[in-house]
Amino acid sequence: MSFSTTKKAAAERIAVLREAINKFRYHYHVLNESLISDEALDTLKKELFDLEGRFPELVTPDSPTQRVAGEPLQKFNKVSHEVRMISLNDAFSEADLRAWFERLANFLGREPKPEFYCELKIDGLAIELIYENGVLARASTRGDGLVGEEVTQNLKTVEAIPLRLRGNYPKKLTVRGEVFLTRQEFERINREQVARGEKPYANPRNVAAGAVRQLDPRITASRRLDSFAYSIVTDLGQATHEEEHRLLHSFGFKTNQHNALAGSLEKVIAFRNHWESHREKLAYEIDGVVVILNDNELFARAGIIGKSPRAAMAYKFASREATTIVREIVVQVGRTGVLTPVAILDPVNVGGVTITHATLHNADEIERLGLKLGDTVVVSRAGDVIPKIIKVLPELRTGKEHGFKMPQVCPVDESPVLRDGALYRCGNPVCGGRHREALYHFVGRSAFNIEGMGPKIIDRFLDEGLVADAADIFSLREGDIAALPRFGEKSAANLINEIAGRKQITLTRFLFALGILHVGEETARVLAEWLVSRLPKRGTTFNPEVLGSLMKEISVDDLQMIPDVGPAVAQSIALWFTQSRNQTLLKRLGGVGVVFQVSSPKEKGALTGKSFVITGTLSQMSRQEAKERIRNLGGVVHESVSKATSYVVVGADPGSKARKAGELGLTILSEEELGSLLNVAQKKNAS
DNA sequence: ATCCCTCGAGTTCA
DNA sequence: CTCGAGGGAT
């Protein structure tokens, strides 16, 4: 909430935030069940912290910001830590990190040698282990930092924790580390859980926490926990943090080999960025990196500020979930007249980008979420890209929220709205909003592919009256365009040239461009193939007008003969071609010189019967190009992976399809492998 | 009548 | 990428 807030509004918000945070914490820490993700809860805590920072007079001693961690369970013996187990301050950006180093230099009175020890920040449970005469004597959880719970018996079941030290160990040794579950173990446990008909656990961290606090150590053992050690509390004269890790390793502890020394802040940033993009490759979950001033003497001199050490920082990854507030719901009109509600959000950073809008799909989705205007919501990015509202937090309501109803009339032209299943449609088939979207679609990449003619340009042409429908695009004149403000002669000429070059088009692209309901790329293709096979006498040029008269004669029953075309699709196609408005458009398109390219006969054979799915970004050829080459060789390209898929081509940054392909045990091709497969297929065809 | 597979449509941000 | 729904198989 970066806008100014009145004190009254702040007080109100603070009150609901505290109540909600307390509820979530109680469930999480005491009952070991999470109602909300850690990341979303963090956003709420940060919002409360910021608000209290701006209105310090509103801070009360019982505010959740005034405490370190949850109360220990009653079941375990309590142990006091000799040295308080502190938490780290968080940095969320490069700027945060640099500011931290500047403050540190300031405090020390000089810039310390920039040597940082960087560790992966494992998402697990902090623990303390005490060894006497080389034997594990006591193990405890962090608890509130001062007092934790004794869980020695349980942690003795963790194979990665030595029961007896190796090497040249001191008489007494206190070390700290993390216990956690690998992703693989987590999944195994969840599979068992589901098989028993119980709800799966939310995240590995929760299961690890539950396992450590089991009353029966045999249950802990069945969880197969893992552990890393990361610091030594006992003074053994270690000069650097790096040396501490070497010592830990020599005593027989498991330490993380990815940890590294960084000689500059730039190197720290690079380390953190590297692991942000490679975190999925690790066997366990991490939520950032820990940056520690390597020199132990300086580290000690820097001391503690608040409840965290001054010379260390948790440099977090961008959260993949956060909370924000729904300010408004606007309704957009799509190409087919469907009304789509979109939530306008207070800007919030999720996964490194600022989110301001999120689609709500339709009225049912709003109802399912139980969303009201003014609600606090959890947002994430589906597939790490598209913003999505996951759930509403009714705990944070003040009573001022109000419900949302889909409009009765179209927001563009006020025609009555008709309900069609889950969808609402503008009743006017030539509604201005629909028409606009239809034109965007017409020039789009899979249709006429007119480059340099995006939505912005089309809007201007429409508003200036240069263009009223799709056919007008082809009779645009250079002078008219150049006359528009901020349109040079050069760019006008380029655009005219581009348009002229697109008058020749494949039948498939043309049918798709028309924007007939239920006719997408795939249906346009089968429809085109079918049409070509029953084309009338040769000789006449095949253009939109001829297509129009041809289609007028075709019945719904005929159309249903086409594979993948059933009653709904056939009806929609037939209806489109019987409407005089559309017939006129086809005539005009023929009149301005649009003609169909006779598709080159297929280089049949080599890939016939093979199906492909492409995911990720290709570098050598465009996705469109790859699709065309595969089809020319007789292969088919699908959008989604199924067990019938022969090859999955995986480019850079693949989506979830790559994972699914792996699960189904399908053949995976790299871009290079696809290239050579295509070359081989081409040769085979030639011979 | 019911399940499973595909396709269509809509959407975000850098 | 995801959701809903059309189409075809069973």
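Predicted model: local features only at pLDDT ≥ 70, side-chain atom pairs only at ≥ 80, totals over all residues.
Figure 1. Strand E2 (residues 90–91) pairs with E13 in the parallel sense over two bridges. In this pairing, Asp90 stands opposite Ala314. Strand E10 (residues 286–293) runs antiparallel to E13 and is joined to E13 by five bridges. Here Tyr315 of E13 is the bridge partner of Val289.

**Figure 2. The open parallel sheet E24-E23-E25-E26.** Four strands make up this open sheet, and their pairing is parallel. Strand E24 (636–638) and strand E26 (667–670) are the edge strands, each pairing on one side only. On average, neighbouring strands of the sheet are turned by 35 degrees against each other, direction ignored. Strand E23 (residues 611–615) is joined to E24 by three bridges, and Ser611 has Val636 of E24 as its bridge partner. E23 is also joined to E25, by four bridges, with Thr615 opposite Val650.

**Figure 3. Strand E25, with both faces covered.** Strand E25 consists of residues 647–650. Tyr647 and Val649 lie on one side of E25, Val648 and Val650 lie on the other, and all are buried. A residue counts as buried when 20 or more other C-beta atoms lie within 10 Å of its own. E25 and E26 run parallel and are joined by four bridges. Val648 stands opposite Ile668 in E26, whereas Val650 stands opposite Thr615.

**Figure 4. The open antiparallel sheet E5-E4-E7-E8.** This open sheet has four strands, with antiparallel pairing. Its edge strands are strand E5 (135–141) and strand E8 (226–232), each of which pairs on one side only. Neighbouring strands are turned by 30 degrees against each other on average, direction ignored. Strand E4 (residues 125–132) pairs with strand E7 (residues 172–180) over eight bridges, in the antiparallel sense. Within this pairing, Leu129 stands opposite Val175 in E7.

Figure 5. Helix H2 spans residues 38–54, which makes 17 residues. From the first C-alpha to the last, H2 reaches 24 Å, close to the 24 Å expected at 1.5 Å a residue. The buried residues of H2 are Ala40, Leu41, Thr43, Leu44, Glu47, Leu48, Leu51 and Glu52. An α-helix has 3.6 residues a turn, so residues three or four places apart point the same way.

**Figure 6. The surface near DNA strand B.** DNA strand B is surrounded by 30 residues, of which the closest are Gly334, Thr340, Gly520, Thr523 and Ser642. Strand E15 (339–350), strand E16 (353–359), strand E18 (386–392) and helix H17 (521–533) each supply at least two residues of this surface. E16 contributes the largest share, six residues. By residue class, the surface near DNA strand B divides into ten nonpolar, 14 polar and six charged residues.

Figure 7. With 14 other C-beta atoms within 10 Å, Pro407 is partly exposed. Pro407 and Leu339 are 68 residues apart in sequence, and their C-alpha atoms are 9.0 Å apart in space.

**Figure 8. Thr584 in helix H21.** Thr584 belongs to helix H21, which comprises residues 580–591. There are 13 other C-beta atoms within 10 Å of Thr584, so this residue is partly exposed. Gly548 is 36 residues from Thr584 along the chain, and 9.0 Å separates their C-alpha atoms.

Terms used:
Residues numbered from 1 in each chain as written. Chains lettered and ligands numbered in written order. Near = placed C-beta within 6 Å. Nonpolar A, V, L, I, M, F, W, Y, C, P; charged D, E, K, R; others polar. Expected span 1.5 Å × (residues − 1). Buried ≥ 20, exposed ≤ 12 C-beta atoms within 10 Å, placed from the backbone. Pairing = 2+ DSSP bridges. Axes fitted to C-alpha atoms, helices over the stretch in contact; angles between N-to-C directions.
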